[in-house]
Amino acid sequence: MVTGGDRARVEVLGPLRVLDADRRDITPDGLLQRRLLALLVLRRGRVVPAHSAVDALWPSRRPADPAAALQNHMFRLRRGLPDGLIESVGEGYRLDPAGVEVDADRLVVALSAGATGGAGVSAEIDAVLARWQGPAYPELDEVDEARAEATRLEELRSRAHEVRAEVRLGRGDTDGLVAELVALADAQPLRERPRALLMTALAATGRRAEALRVYDDFRRLLGDELGIEPSPALAAHHAELLAGAADRVWAPVGRLPVPATSLVGRDALAVAVTELAESGRLVTLVGPGGVGKTRLLLEVGHRLRAARPDRPGVLCELATADPDSAVDVAAAALRIDARPGTSLAERVADVLGDTELVLLLDNCEHVLDPIAAVVERLLATCAHVRIVATSRERLRVVGEHVRQVPTLSYDGEDAPAVRLFEERARAVVPGFEPDGRELACIAEIVRRLDGLPLAIELAAACLHTHEVAEVAAGLDHRFELLASGYRTSPRHGSLAAAVSWSFGLLAEDLQRTFAELSVFSGSFDAADAAAVCGTDPGTVTAALTHLVERSLVLRIPGRRYMLLETLRAFGAEQLTREGRVDLVAERHARHLADWVDRADSRLLQPGEQVLAQIDAAVPELRSALGWLLDHDEVALAGRLVNALLDYGIFRLRPDVLGWARLVIDADPEGRSPFAARVRVVAAYAAWMSGDVAETGRLSAAALRAVERAKTEPAAEAMTVRGSYELFEGHLDEAAAWYRRAAAAAANDPAQRLMARATELLPLGYAGDPAAVEQADALLAEVADARTPHAAYVWHCAGEADLAVDVERARARFARALDIAEQTNASFVTGLAGASKASIDARIGDPAAAADEYRRLIPHWRRAGMWSTQWTMLRSIAGLLERLDRYRDAAVLEGAVRATAAGHRIFGADEVALDELGARLRAALGDDAYEAARRHGAMLDGEAAAEHALRAL
């Protein structure tokens, strides 16, 4: 009999392992000895007859003398184990249960204590699970009794994971728990307990909507597979989550504008609309322009937020949109980016999902069809989205509640219209207190303005330079015609009368300037206005001052100006009436082409927030490009698109780079002197979207266009061709193209810097020692500059250093990130962030790498840039292996190998991926590994990215 102090520890959860009392490994070397010991441990305390042992050791082909062979193996087995552990009993053998401590028994004891067993029990379960690799008793896979015991122990393993999750939830430790429970639920899809724990973990981490979806998915699965419902306990858990479902998977960043003025005469209407918005899901405020729909919309939005502070409200201003861009504008307000292969309307609905949200849509009348389609989709698929819209006419969508916004009452001295006039008058004439005669004039003014708030406010603003009687007289002068029923436009109705009157008070030169300013779809500065108006900055600044005084132009921060939408539309009608639309639009388009050229050249100037300036100008640039293409100004359109190349890359705007396609379609034969450059821009757009093959075709077309033109600078075409060769893994060819590009860009510092910096990538990947010297030279050239190009140089220098000095590479990536964030260079933010994270993923802090990847995956997703996303997912697969998440790593490996998007895997990266696959196969076993690979191969980019986020 073995004494307690001599007890051996036997591990059967996975391959057999034996440790002596001093915890030295004494596992038998021979397979047959391990199989014999496993049989004795399985039947510990019972006699194992010799014939049973022979059957277990040689299930198919027995030796010539099985009894002698058995005795030989038993002798060798006993020699390596503590004395007395195995006894001979009659015609068999018996293992003394008091002499061994079996890990399966320890697990049973720990599980019997359950989640209330304290920290010691939890640690014991963790220790057992950490060592458990593969099935129990694998040595006896042909013994029925062992297979039955392995099945029982597998159930214990599931229970152990569940108990461990309960313990972690109990102490508030949720880090990584959701991913663990997702894997557990995926492994046993019909098991209820993992689903219940997953719901609890999701709710505990603020993802209650996801928790509710887990229940719904499980309920459908049970119904489809077994024809049953979840247990009453799980149903009750679901009901509890429903009752407190305040958390959201996604929430937009939104802040409603705070009105600068009070709301007059609309309290009852605001209350009614707020109540209607709470009880219904779509309320449309309709009425003529200037009736105060926008002001009421904001008031309702603030009241809805006050009632539910946890429910965000987002304002989408559609005044600058057209039917083609309306959905883009709505998505931008919600901070939802486009995704290749999915319509933006579908993308918005998918992202919002179960989010609770109040969406305020302002000025829908000129984009009714696209906005009505989006609203209809949101109502059908997003149950918790409420929409309040303003329009000149109803949306005509099922479920719409239409509320007419009337004009203000103007009967009586205390009527809302009169109070509005007086309050706005005090803003320009402090202490304004009208006497009886003036009150009568005011009553007449507001009556003849039909109680329209905007018209009243414009009239009151005139008191800055006019007496009340003069305002009334001006109204007499212009509204005699309008009173007879004439309307300048059906779109404006009676608001057009108010604007026309205000416009009529202007001198002729100011009228002309006001009409010309209507070409701007957004804000502008004095220089922009001077270019469009065809005059000098001093003259236009004086005109702007007068127009601001008369409330026809708004002054906004940053020394910029803008027109209200209704005033802009009125000005556009004046241009049409005068036959000057094309003249002014041409000035606007040519000015924007010049402006973006200058802006592009300023990207190399430190301290200039050029990328942010171009961001703000994108609507204007889109409008200018449209006019140029409509008027066959292909060369100027190409020039405009070419100037946006660096912007589109640094700001991750494949949509803007995609404008090049419009120019190519207008000039398919490449007759424009900018034909090559336009194809370069289109090539980069294709690369960003993950179509490397199309990048190759377009880069070749660009080179052919250069050859035809002879005189056109070739640097851009050579650079993009080098990038294509780099994506394909042709390092020598890539480096050669970059060198040629740098030589061709002798007079273009930005292109030269981009070409020389990018050359560092193939040099570094090829292990060329010249990379280090060239990187140092480039860093000396950019010195302390803080520009997007400098950020890119620092990133490329870090890439060149990865195989030479990892810590220096890490520092260079950090410097690139710092500069990129200061200059809004989103492209470098993603690249340098991914490279820095890859260092931690391989040799640094895996938790830090996981945190960074969780930030970067949405970064590339928002941009729709799948080439770099796939490269990063490859690194994440290696990180998951370090984190012992072998199956998740194998799934990602399968996805990376199967995708047709992204860069070709070559050289050291290919070797590393192959080695990763081999290690994962060894860790998982052939069947599990191949199953995970097959699962990954079925994932598209979105699904692969989502899998990586869950696994991290």
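I take buried to mean under 20% relative accessible area. By that cut-off Arg9, at 18%, counts as buried.

**Confidence.** I am reading a predicted model. I looked up the pLDDT before going further. The chain mean is 85, and 92% of the residues reach 70 or more. I marked residues 245–251, where the pLDDT is below 50. That stretch still has 25 contacts in the model beyond near neighbours in sequence. I also marked residues 477–495, again below 50, with 33 such contacts. Where pLDDT is low, the predicted coordinates should not be read in detail.

**Helix α1.** I checked residues 31–42. This helix has 12 residues and reaches 16 Å from first C-alpha to last, close to the 16 Å expected. Nine of the 12 residues are buried, so α1 is largely enclosed by the rest of the structure. Among them I noted Gln33, Arg35 and Leu36.

**Salt bridges.** I searched the whole structure and found 70. I returned to Arg9, which pairs with Glu101 at 3.1 Å between the closest N and O atoms. Arg9 lies in strand β1 and Glu101 in strand β6, 92 residues apart. Glu101 is partly exposed, at 21%. I then followed the network: it links Arg9, Glu101, Arg106 and Glu124.

Next I took Glu457 and Arg424, whose side chains meet at 3.0 Å, N to O. Glu457 sits in helix α18 and Arg424 in helix α16, 33 residues apart. Glu457 is partly exposed at 28%, whereas Arg424 is buried at 12%.

Last, I looked at Arg308 and Asp310, which form a salt bridge at 3.0 Å. Arg308 is partly exposed at 26%. Asp310 is partly exposed at 30%.

Notes. Residues are numbered from 1 along each chain as its sequence is written. This is a predicted model: local features need pLDDT of at least 70, side-chain atom pairs count only at pLDDT 80 or more; totals for chains, interfaces and linings use all residues. Side-chain values use heavy atoms; hydrogens and water are left out. pLDDT is the predictor's confidence in each residue, from 0 to 100. Contact means heavy atoms within 4.5 Å. Helices (H or I, at least four residues) and strands (E, at least two) are DSSP runs, numbered from the N terminus. The expected span of a helix is 1.5 Å times one less than its number of residues. Buried means under 20% relative accessible area, exposed over 50%, partly exposed in between (1.4 Å probe, protein chains only). A salt bridge is a side-chain nitrogen of Lys or Arg within 4 Å of a carboxyl oxygen of Asp or Glu.
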